[in-house]
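Hello,

Here is the structure I promised to pass on to you. Please have it open while you read, as my notes follow below.

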Amino acid sequence: MKKKDLGLLVLILVVGLGVYLQNPLFLSPNNIANTANLIGLFGLFAIAQGFVIITGGIDLSAGSMIALLGVLFVDIVGNRGVPWPIAFVIVIILGLLLGLAHGLLITRLKMPPFVVTLCGLLIYRGVARGYTGDATAGFPFGSTYPGLDFFTARIYGVPTSILLLLVVAAIAWVVLHRSVFGRYLFAVGKNEEAARFSGIRTNLVIGAAYVICAGLTALAAIFFAMYTRSVSPSSHGNFYELYAIAAAVLGGFSLRGGEGSIIGVVLGAILLQVLQNLVNLLGIPSSLNFAVMGTVILVGVLVDQQWGAYRARRLLAGSARESGAKPTPPDPVPER
Amino acid sequence: MAVLELEDISKQYGAITALTNISLTLEAGQVVGLVGDNGAGKTTLVKIIAGNFHPTSGHIRLNGEPVSLHGPKDARSKGIEIVYQDLALADNLTAAANIFLGRELTLTARTPEEAERPWYRRRRWWLPVPEILDYRGMYKRAGELFMELKSETRPRDLVRRMSGGQRQAVAIARTRLSNPRIVLMDEPTAAISVRQVAEVLSLIRRLRDQGIAIILISHRIPDVFAVCDRLVVLRRGEKVADKNVADSSPEEVTGLITGAIERA
């Protein structure tokens, strides 16, 4: 675990302790399970976002994709009578295809990721609303689907979503930090040209990042759809891409690419949900929700950056004293 | 026998001619300085040899055999390594990670030779895990390479925190990974302090002593005279001189570069 991750963990614990002292309900089993469920849901596509951000890209379409795929999943299971495992596979494949489309547009046609996924945000939202005629997609009244409650089940009180998050995070950690592909992601994100000159097929690596991102987002979309049970296409998943980006930035990802860790982004997702919970438990008007979140992220990143700059200065002064020579100064502002 | 022979290499970008009929031979254990003004075609020529560009016309022969290079990976597999001007390092990674970039040692491919193979020709390719990096193996080998080059660079250090000379050592160590026969260096002394230039020049000599043929592109005439055996001058895409360093002088080279002297 890196120092940055440790700092974030301490922040989560401090905030958690503060909330607990104000309202002991914070640590009630029910509240923990609810928060854990949300962490699981948001963590899934925050990790997904991390894969894209590390290549220096961004995926703004996550929220709309969650709405569109959620609508489709509920509709084909509830209204078209497709068995849910088949619907599950269809939705995941659809997600992967959308990711592939993003990846191809970005790598083959050299479009900026921001533009491609911003258009995705608009298109998917529009298609979701158009598909149901702006009506809420839901399951027919009284219908049950054997096995489908897996997505909302609790095993000994532990929500399946957080268990899945643990599994996905473990795999993602191995892939990003211990595998060749992960190393290529870091290299491509920092210096795509260098990576290409080293014989890395950079388009393949970047494209794969978008496919992974969309695939995980599709998985999260199904969980979200089952969590809400009904999907209103105009509001479902609004701003969720920003939660994911915020979690990644809090977790030490650089929006310029090449920096980040899976532990960091998971901790970022946890902190965001704890803050959300804080707003509810401390009786802060929920309309201030975003304001609280924005302020904490701003202060957190600011402190981290200033601390980084301070340490860089100390390091520089220290090594200058030691060797009598000046090493090349690091970037004046540490990259986020 | 010549390690590398270029015959009448030309390169055009649309209507623009970057190189006209360049011929050049390179012997093992020889350092050839390639000099010329900005836009004279030095980098284009090197990128053709490195497989980045295809020549519009002309032939390349390696050890007497005609070859056609399909990309940098292909060139590398044929024993041609390149140190790029902008160093082509990813400075968010460690020295070792940069040395092995694109040919990482993994738990299924534990040697550089095997790492260069496509996955389906590797031993144990059927192992159903993603290719897991062999950190320890890479740190160890990187440490050995730095030792060979007598550089004090540490494999675990981030390239971001390194001086220009250390970055060069990383870039040069990269080329040693595969026992190349030819190393191309594009302005290795351009971006570093005077003190570190000497360090880099001695790295070049160490490569030469191992029998590697080197093409050194440089703007810095003193560096060329310090390490090169032969020098080739390009002007506006044409070769205007190809002679032993001992028979030339910095004044003559400057004249050839600027055009004050037509040909030599």
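One definition first, as the helix check below needs it: the expected span of a helix is 1.5 Å times one less than its number of residues. Please also keep in mind that this is a predicted model.

Let us begin with helix α7 of chain B, residues 194-209. Its 16 residues should span 22 Å at 1.5 Å a residue, and the end C-alpha atoms lie 23 Å apart, which agrees. Which residues of α7(B) are buried? They are B:V197, B:E199, B:V200, B:L203, B:I204, B:L207 and B:R208. Their cover includes strands β3 (31-36), β7 (182-186) and β8 (213-217) of chain B, together with helices α6 (164-175) and α8 (221-227) of that chain. Just after α7(B) comes B:G211, with a positive phi of about 85 degrees.

Some of those strands also belong to a sheet in chain B. The sheet is open, with six strands in the order β6-β7-β8-β3-β9-β10 and mixed pairing. At its edges stand β6 (80-83) and β10 (238-244) of chain B; each has a single partner strand, so one side of each is left without a neighbour in the sheet. On average, neighbouring strands are turned by 15 degrees against each other, direction ignored.

Within this sheet, strand β9 of chain B (residues 230-235) runs antiparallel to β10(B), and six bridges join the two. B:L234 has B:K239 of β10(B) opposite it. Helix α9 of chain B (residues 250-258) packs on the sheet, where it touches β3, β9 and β10 of chain B. The direction of this α9 makes about 25 degrees with that of β9(B).

Now to chain A and its helix α4, residues 84-107. This helix has 24 residues and reaches 34 Å from its first C-alpha to its last, close to the 34 Å expected at 1.5 Å a residue. Among its buried residues are A:W84, A:A87, A:V91, A:G95, A:L98 and A:H102.

Finally, where do the chains meet? The contact takes 23 residues from chain B and 23 residues from chain A. On the chain B side, helix α2 of chain B (residues 71-77) gives the largest share, three residues. The residues of that side divide into 11 nonpolar, five polar and seven charged.

Enjoy looking around!

Best wishes

Conventions:
Residues are numbered from 1 along each chain as its sequence is written. Chains are lettered from A and ligands numbered from 1 in the order in which they are written. This is a predicted model: local features need pLDDT of at least 70, side-chain atom pairs count only at pLDDT 80 or more; totals for chains, interfaces and linings use all residues. Helices (H or I, at least four residues) and strands (E, at least two) are DSSP runs, numbered from the N terminus. A residue is buried if 20 or more other C-beta atoms lie within 10 Å of its own, exposed if 12 or fewer, and partly exposed in between; C-beta atoms are placed from the backbone. Two residues are in contact if their C-beta atoms, placed from the backbone, lie within 7 Å. Ala, Val, Leu, Ile, Met, Phe, Trp, Tyr, Cys and Pro count as nonpolar, Asp, Glu, Lys and Arg as charged, and the others, Gly among them, as polar. Two strands pair if DSSP finds at least two bridges between them. Axes are lines fitted to C-alpha atoms, for helices over the stretch in contact, and angles run from 0 to 180 degrees between N-to-C directions.
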